[in-house]
Amino acid sequence: MIKPTSPIDPSTHPISIVGLKKSFGDLHVLRDIDLELYKGENLVVLGRSGTGKSVLIKIVSGLLKQDSGTVNVLGQEVDKLNTNELQQLRLKIGFSFQNSALYDSMTVKENLEFPLVRNTPNMTRKEINIAIEDVLEGVGLLQALNQMPSELSGGQRKRIGIARTLIMRPEIMLYDEPTAGLDPITCIDINNLINEVQEKYNTSSIIITHDLTCAKSTGDRVMMLLDGRFVRTGTFEEVFATDDERIKTFYNYNFTS
Amino acid sequence: MKKSGKYVISKKIDGLFIALHDVYRFLLRFFKEVLLPPYEFKELVKQCYDIGYKSLPLITLTGFITGLVFTKQSRPSLAEFGAASWLPSLVSIAIIRALAPLVTALIAAGKVGSQIGAELGSMKVTEQIDAMEVSGTNPFKFLVVTRILATTFMIPILAVYTGVVALAGSFINVTQNEQTSFSSFVESALQNISFLDLFSSVIKATLFGFTIGAVGCYQGYNSSKGTEGVGKAANSAVVVSMFLIFIEEILVVQVVNAIR
């Protein structure tokens with residue numbers, strides 16, 4: 001079956017979301033979400049914990065299904081895809097999980113080669129090794145090649161998690177709380193890495209965070225999520241130039257705590 | 001507000017039917033995925049090695065002790081009637097018909113079932129299963145199908161091995177008390193064993209293996225968030241599979257007796 005072509009141009013808008021709603025039982029997490037991700041930008045989705053930020057990117061990657069609305073990723077409606085089509089689309093999306101989600105039973109090298117070996121069967125062992133070394137060098141952790149995830153620090157695990165997604169050369173990166181649980185210095189390293197990834201791999205990214213420092217240093221554009229809706233959009237400064245008490249409280253609490 | 005007893009019972013019945021429907025869907029998905037390519041042969045071999053080979057020391061010890069102790073405990077009763085020479089025959093019937101598959105399955109439920117439940121539960125709560133899914137791998141096929149197949153293949157093999165080791169334990173006890181050669185022990189042990197005994201034993205072990213794998217995977221794959229969920233998954237994997245193993249044992253014995 002030939003699917004109708006999308007009116008949204010995926011070359012300029014890798015992700016386009018219209019009227020997205022998602023509830024868990026009586027809890028309305030996302031009420032009416034519209035979002036456009038532009039090619040090559042870092043879009044930060046900012047909000048308090050439990051406001052549905054992670055749910056949003058899980059819907060984008062097809063891990064969760066929306067109740068209503070359309071989610072268009074690279075010209076394809078995610079919830080309309082069959083298993084194989086979704087699998088193919090996911091190869092173009094990198095997902096960095098909050099807790100890195102490295103496979104505990106595998107070394108760093110095995111973690112990195114896992115998606116590569118399974119999705120690019122024509123690659124030779126030599127090409128795989130080069131690709132692994134390349135991404136590890138990119139995240140500054142070449143020495144961790146044969147270590148187990150349990151031997152790595154929180155920051156190193158984040159870096160390896162990002163490297164594992166980069167190895168497939170994704171067009172879109174989804175970062176779920178990239179700096180959560182890290183010390184301030186490591187947070188700066190991760191923020192710099194996110195910007196380096198954007199430059200080096202020309203990715204378009206959605207960064208989910210409640211960390212204002214992360215939002216300020218990585219976001220080309222910031223969207224503020226409150227009560228299941230986006231209430232402000234713009235640059236970091238524009239978003240916080242408001243009299244809205246809820247946004248001011250969020251800003252003050254983040255920087256004073 | 002205190003909820004009435006009727007409300008609580010109704011909720012529990014609802015919960016039971018929802019759980020049964022989930023199990024049905026899980027098993028349906030397994031049978032669908034097991035037939036459809038791609039096939040995860042490499043992971044299946046790894047799981048067979050982990051589940052089969054790594055269980056050998058425990059199975060060997062348990063099987064040997066089972067055979068030895070069963071023979072030792074049965075001797076006085078038979079000797080009282082002057083029937084001690086029937087011991088190899090009695091022991092082999094008990095081992096092959098019931099003890100070998102049952103002991104193997106119970107040991108495997110404790111060792112393998114809990115391991116599968118805890119491993120998949122831990123992967124679930126740390127989002128490793130989600131990570132696998134977004135990296136273009138079908139986690140159900142990779143994690144669940146391979147583990148269920150591995151237990152289904154390996155438990156019967158382990159059960160046959162347990163039977164052999166248990167008979168060896170029995171032989172040790174017999175030779176301590178009587179002048180019996182190995183060949184006459186084997187001959188005596190096998191004279192009352194029919195093809196149906198062996199066949200039903202292997203079928204039973206296969207069923208037990210499937211149960212251990214399916215229950216462990218179901219509990220782990222559907223575990224709730226948090227470390228408590230992981231513990232609960234591991235625990236439920238053992239308790240539920242042991243319970244089902246005994247139910248299956250009763251049912252298979254009834255069927256085999258009806259055929260016999």
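Predicted model: local features only at pLDDT ≥ 70, side-chain atom pairs only at ≥ 80, totals over all residues.
S8(A) pairs with two strands. Strand S3 of chain A, residues 42–46, runs parallel to S8(A) and is joined to it by five bridges. Within this pair, Val45(A) stands opposite Ile208(A). Strand S7 of chain A, residues 172–176, is also parallel to S8(A), again with five bridges. Here Met173(A) is the residue opposite Ser205(A). The chain passes from S7(A) to S8(A) by way of helix H6 of chain A, residues 184–201, in a right-handed β-α-β crossover.

Two loop residues of chain A have backbone angles worth checking. Leu74(A), in the loop between strand S4 (68–73) and strand S5 (76–77) of chain A, has a positive phi of about 50° although it is not a glycine. Asp227(A) sits in the loop between strand S9 (221–226) and strand S10 (229–234) of chain A. With 13 other C-beta atoms within 10 Å, Asp227(A) is partly exposed; the limit for an exposed residue is 12 or fewer.

Chain B is built from nine helices and zero strands. Its C-alpha atoms fill a box of roughly 70 × 50 × 35 Å along the principal axes. Of the 260 residues in chain B, 43% are buried. Among contacts in chain B with a separation of 6 or more, 88% are between residues 24 or more positions apart.

The domain assignment divides chain B into domain 1 (1–36) and domain 2 (38–259). The C-alpha centres of these two domains of chain B lie 28 Å apart. Eight residues of domain 1 are in contact with nine residues of domain 2 in chain B. On the domain 1 side, the touching residues are five nonpolar, no polar and three charged. A cis peptide bond, with omega about 0°, joins Pro37(B) and Pro38(B). Pro38(B) belongs to the loop between helix H1 (5–35) and helix H2 (41–52) of chain B.

How many residues does each chain bring to the contact between chains A and B? Chain A contributes 15 residues and chain B contributes 10 residues. On the chain A side, helix H2 (83–90), strand S6 (93–96) and helix H3 (108–119) each supply at least two residues. H3(A) gives the largest share, four residues. By type, the chain A side has nine nonpolar, four polar and two charged residues.

The largest nonpolar core has 120 residues. Residues with the most contacts inside this core include Val45(A), Val60(A), Leu174(A), Ala105(B) and Ile155(B). Helix H4 of chain B, residues 87–125, gives the most to the core, with 18 residues. Leaving out residues up to four places away in sequence, Val60(A) touches Ile15(A), Val71(A), Val73(A), Val78(A) and Leu174(A).

Notes: Residues numbered from 1 in each chain as written. Chains lettered and ligands numbered in written order. Pairing = 2+ DSSP bridges. Right-handed = clockwise from strand over helix to strand, strands pointing away. Buried ≥ 20, exposed ≤ 12 C-beta atoms within 10 Å, placed from the backbone. Contact = placed C-beta atoms within 7 Å. Domains from an automatic or database assignment. Nonpolar A, V, L, I, M, F, W, Y, C, P; charged D, E, K, R; others polar. Core = buried A, V, L, I, M, F, W, Y, C linked by C-beta atoms within 7 Å.
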